[in-house]
Amino acid sequence: MSSQMTIRDIAGLVDGRVICCEDRLSTSVEYAFASDLMSDVLTVDKENILLITGLTNLQVIRTSEMSDINCVIVARDKKVNDDMVRLAEENNIILVESPHSVFHVSGELYKAGLKPIY
Amino acid sequence: MQIRHKIAGGDFTRAGNVASAVKKILQQLNIDHKQSKRIVIALYEGEVNVVAHAYSGVVDVDIDSEKVRITISDKGPGIKDIEQAMEEGFSTATPQVREMGFGAGMGLSNMKRNSDFMEIRSVPGEGTLVELINYIRPDAS
Ligand SMILES: Nc1ncnc2c1ncn2[C@@H]1O[C@H](COP(=O)(O)OP(=O)(O)O)[C@@H](O)[C@H]1O
Ligand SMILES: [Mg+2]
């Protein structure tokens, strides 16, 4: 239980811009998973996870909703669209945009103690 | 309790709407979280399959005291070789489906893993019916 981090700290580490659900930034997560493949994300059998992805479409949010993912970091300066924001707000999913690559974001957060799933 | 939803083939903006609605119902019914997560993930992959591979579909959800039974039936090309379709990695998905984060050939195996019972029936050229059963009383399976 030691390696929980708040989304606020996580967003800081990846120079992230918080797009929605700012009121939930003190939520903490323990695990992170990086993928552009939503079928892969849907196999993750853990609660309290953060998703790092380069994909920006509505299915990223739907997948997060089904998988109980409470924060998505969109890497490499990709911009989330309005439909994504609306659906994320509806489901209390925090969206963060980061200028860095998936590799960079993953490396930072791994170094800071977030755990991998596999 | 019986609920029916429609799915429009090809409409990726709405894929997941049915699974989302069912998730809320299962929450209201206080269904065990682990089991309800399995149910909605299996349903979501099934919904995505209708959107990705078929023309239109109907989802029927039937909840009683011991199980949640879901049937997803579609009008579409059907599946010629179900065993092959079940193989992880087999996919006929278009590039457009892949751009959505699906189409890696993992959907049906995800559905199998997340259900207590799954059966697929299909008539090539007509459509496909997937039945999913999950037991919601720990001692009922
Ligand atoms: N409802 C369906 N109608 C027609 N074909 C389907 C349907 N569901 C699955 N299939 C076929 O089975 C294959 C494997 O499905 P799945 O495991 O979900 O992987 P994916 O959808 O990523 O291709 C699909 O590529 C498709 O050829
Ligand atoms: Mg599929």
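What radius of gyration does chain B have, and what would a compact globule with 141 residues have? Chain B has 14 Å, and the globule would be near 14 Å, so the two agree. Keep in mind that this is a predicted model.

**Stop 1: chain B as a whole.** Show the C-alpha trace. Along its principal axes it spans about 40 × 30 × 25 Å. Switch to cartoon: there are five helices and five strands. Followed along the sequence, they run β-α-α-β-β-α-α-α-β-β. Of contacts between residues at least 6 apart in sequence, 63% join residues at least 24 apart.

**Stop 2: the surface of chain B.** Its accessible surface is about 7,000 Å², and carbon and sulfur atoms hold 49% of that. Buried residues account for 48% of the 141. Now colour by charge. Chain B carries 17 positive and 19 negative side chains, with the centres of the two sets 4 Å apart.

**Stop 3: a pair in chain B.** Select B:Asp64 and B:Lys67. Their side chains form a salt bridge, 2.9 Å from N to O. B:Asp64 is partly exposed because its relative accessibility is 32%.

**Stop 4: a network in chain A.** Select A:Arg17, A:Asp77, A:Lys79 and A:Glu97, which salt bridges link into a network. Within it, A:Lys79 meets A:Asp77 at 3.4 Å, N to O. A:Asp77 has 44% relative accessibility, so it counts as partly exposed.

**Stop 5: helix α4 of chain A.** Select residues 82–90. A:Arg86 and A:Glu90 form a salt bridge, with the closest N and O atoms 3.8 Å apart. The two are four residues apart in this helix, so about one helical turn separates them. A:Arg86, at 43% relative accessibility, is partly exposed.

**Last view: every chain.** Over the whole structure, a search finds 19 salt bridges.

Notes:
Residues are numbered from 1 along each chain as its sequence is written. Chains are lettered from A and ligands numbered from 1 in the order in which they are written. This is a predicted model: local features need pLDDT of at least 70, side-chain atom pairs count only at pLDDT 80 or more; totals for chains, interfaces and linings use all residues. Side-chain values use heavy atoms; hydrogens and water are left out. The radius of gyration is taken over C-alpha atoms; the globule rule is 2.2 Å times the number of residues to the power 0.38. Buried means under 20% relative accessible area, exposed over 50%, partly exposed in between (1.4 Å probe, protein chains only). Contact means heavy atoms within 4.5 Å. Accessible areas come from the Shrake-Rupley method with a 1.4 Å probe; for residues, only the protein chains shown count as cover. Lys and Arg count as positive and Asp and Glu as negative; His and the chain ends are not counted. The place of a charge is taken as NZ of Lys, CZ of Arg, CG of Asp or CD of Glu. A salt bridge is a side-chain nitrogen of Lys or Arg within 4 Å of a carboxyl oxygen of Asp or Glu.
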